[in-house]
Amino acid sequence: MTGTAPAPFTADDYRARMDRAAWAAADAGLAGLLVAPGPDMVWLTGYAPTAVTERLTLLVLAPGQDPVLVVPTLEAPDAEQAPGAPALTLRDWTDGKDPYAVTAALLDRTGRFGISDNAWAMHLLGLQQTLPGAAYTSLTTALPMLRAVKDAAELELMAAAAAAADATFEEIRKVPFSGRRESEIGAELAGLLRLFGHSQVDFTIVGSGPNGANPHHEMGDRVIERGDMVVLDFGGLKDGYGSDTTRTVHVGEPTDEERRVHDIVREAQEAGFRAVRPGVACQEIDRAARAVIAEAGYGEYFIHRTGHGIGVTTHEPPYMIEGEEQPLVPGMCFSVEPGVYLPGRFGVRIEDIVTVTEDGGRRLNDTTREMVLVD
């Protein structure tokens, strides 16, 4: 049920990404980028070490220079098999040698570099000691939009991940909820995500009744009862790209207030989506959704940002929040997920992944946003 495997990215794809990143660094006033194992390295090279250890692995990018991957000798054979390896030079180092000296030889000794947020402190400190004249800044701070704009192939993968999450919801709405623990429903969600092609499940939030008023409630042993509102938020990675969707279902017939709150959140989500178009600041998506909830009298119960970027990770820039003036660009992908959370009672959240098009936005999730009643 996983469908046809997508065409893999080529060495030329990775070469183009590394070249683009290097020149983006130059535009940001940086001498280069130092990329540790993690999402950025996977996106730039296709290389994900099987184990991240105390041994230094670092991708060095600088404008006008060939990319170099500094890697422990014992891991070099795996690095050579990475799909982006033909587009870079491997510089291996053996135990007993100083990896920071190897890396320093590739760097401007007085330059300012963007370094991965997830780089180990011991590695940054080692570089600082070897190159005391250099300076470092967070890669995400310096280049927050590095991975934000997806190309056509990436958008296909994002759409496929969203479709798999939609298929998961269509199946989970058929199962009995009443009398079962949140953890049971969560386990079924995870199993369905994998059934529909996900290799990694990042979260399965199941917030029933009063637990739904906690946006990041971890599914627990609470038994779901008739009359409960249940927030279902789930996602992960399929073929390397993320899914993330939320629907709020009701066990049995809802009250008038529950219907009203759900309708308000649905209208807010629609308003956020309708605000999407190129050139609009990210904060305008938050403002549009928040205005609907505030006008309905529930403003104090919308307690988080309206959305976050998504790609090779399920949370990344840009963020749909007040103060974020980054303009939307075609190819950006992010969530639109307003919510209302009434402490001790229930919560409602509705979330789609949206991509910016040339003249507006396109939802990647397509399951109903109307209230779904379950047994």
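V280 sits in the loop between α9 (256–274) and α10 (282–295); helices (H or I, at least four residues) and strands (E, at least two) are DSSP runs, numbered from the N terminus. V280 is buried, at 11% relative accessible area. The model is predicted: local features need pLDDT of at least 70, side-chain atom pairs count only at pLDDT 80 or more, and totals for chains, interfaces and linings use all residues. Residues are numbered from 1 along each chain as its sequence is written, and side-chain values use heavy atoms, with hydrogens and water left out.

**Loop residues**

- Buried means under 20% relative accessible area, exposed over 50%, and partly exposed in between (1.4 Å probe, protein chains only).
- Contact means heavy atoms within 4.5 Å.
- Leaving aside neighbours within four places in sequence, V280 is in contact with A275, I285, Q326, P327 and L328.
- V280 and Q326 are 46 residues apart along the chain, and their C-alpha atoms are separated by 8.2 Å.
- H217 lies in the loop between β7 and β8. H217 is buried, with a relative accessible area of 12%.
- Beyond neighbours within four places in sequence, H217 is in contact with E182, I205, V206, G207 and N211.

**The four-strand sheet**

- An open sheet of four strands runs in the order β7-β8-β9-β17, with mixed pairing. Its edge strands are β7 and β17 (372–374), each pairing on one side only.
- Neighbouring strands of this sheet are turned by 30° against each other on average, direction ignored.
- Axes are lines fitted to C-alpha atoms, for helices over the stretch in contact, and angles run from 0 to 180 degrees between N-to-C directions.
- Two strands pair if DSSP finds at least two bridges between them.
- β7 and β8 (residues 229–238) pair in the antiparallel sense over eight bridges. Q200 has L237 of β8 as its bridge partner.
- Helix α8 (residues 182–195) packs on the sheet and touches β7 and β8. The direction of α8 makes about 150° with that of β7.

- β12 pairs with β15 (residues 352–356) in the antiparallel sense over four bridges. The bridge partner of S335 in β15 is I353.

**The largest pocket**

- The largest pocket holds about 310 Å³ of space.
- A pocket is an open set of points on a 1 Å grid over the protein atoms alone where a 1.4 Å probe fits, with protein on both sides within 12 Å along at least five of seven lines; lining residues have an atom within 4 Å of a point.
- Grid points are joined across faces, edges and corners, and a volume is the space filled by probe spheres set on the points.
- The largest pocket is lined by 16 residues, and I205, P215, H216, D233 and H315 lie nearest its centre.
- Strand β7 (residues 200–208) gives the largest share of the lining, three residues.
- The lining has four nonpolar, six polar and six charged residues. Ala, Val, Leu, Ile, Met, Phe, Trp, Tyr, Cys and Pro count as nonpolar, Asp, Glu, Lys and Arg as charged, and the others, Gly among them, as polar.

**Backbone exceptions**

- Most residues other than glycine have a negative phi, and most peptide bonds are trans.
- The P317 to P318 peptide bond is cis, with omega near 5°. P318 is found in strand β11 (residues 316–320).
- D239 has a positive phi, near 50°. D239 lies in the loop between β8 and β9 (241–251) and is partly exposed at 38% relative accessibility.
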